[in-house]
Amino acid sequence: QAHLVESGGGLVQAGGSLRISCATSGSIPRIGTMGWYRQAPGKQRELVATITIGGGTNYADSAKGRFTISRDNAKNTVYLQMNSLKPEDTAVYFCNVKIPVGRDTIQYWGQGTQVTVSS
């Protein structure tokens, strides 16, 4: 069982930066892909960025060039550095981790951290 704790959200003005973190704890043999998703009010949850255990990254078009995902495998932690923030980035950001178990993959979600960008 994995437990995810997110931190670093908050209120920032447009054009500003924030870094959010997600630490994973528990009895975890190995963490696979880690990622960030977000959900704005009235909208579906959407992918922001993912990073594989080897460091390969994937970004939503809205995040490319502004956001950077990274991970510290020793700390089982994933980060999202967000620069040049826009009001439309306002959302609850959720951490997601995928843990391979045999032939299956179990995924876990964090509780979410609010990011609010004022204009």
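The model is predicted. Four strands make up an open sheet, ordered E1-E3-E8-E7, with antiparallel pairing. The search of the whole structure turns up 1 disulfide, which joins cysteine 22 to cysteine 95.

**Sheet layout**
- E3 and E8 run antiparallel and are joined by 6 bridges.
- Alanine 23 has threonine 77 in E8 as its bridge partner.

- Strand E7 spans residues 67-72.
- Its covered face carries Phe67, Ile69 and Arg71, while Thr68, Ser70 and Asp72 lie on the uncovered one.
- In a regular strand, side chains alternate between the two faces of the sheet.
- E7 is joined to strand E8 (residues 77-82) by 6 bridges, and the two run antiparallel.
- Isoleucine 69, on the covered face of E7, has leucine 80 in E8 as its bridge partner.
- The hairpin of E7 and E8 has 4 residues between the strands.
- Asparagine 76 in this hairpin takes a positive phi near 50°.

**Disulfide**
- The S to S distance between cysteine 22 and cysteine 95 is 2.2 Å.
- The angle about the S-S bond is -80°, and the link is left-handed.
- The pair links distant parts of the chain, 73 residues apart: cysteine 22 sits in strand E3 (residues 18-26) and cysteine 95 in strand E9 (residues 91-101).
- Cysteine 22 and cysteine 95 are both buried.

Terms used
Residues numbered from 1 in each chain as written. Predicted model: local features only at pLDDT ≥ 70, side-chain atom pairs only at ≥ 80, totals over all residues. Heavy atoms only, no water. Buried < 20%, exposed > 50% of the residue type's maximum accessible area, 1.4 Å probe, protein only. Pairing = 2+ DSSP bridges. Disulfide = S-S within 2.5 Å.
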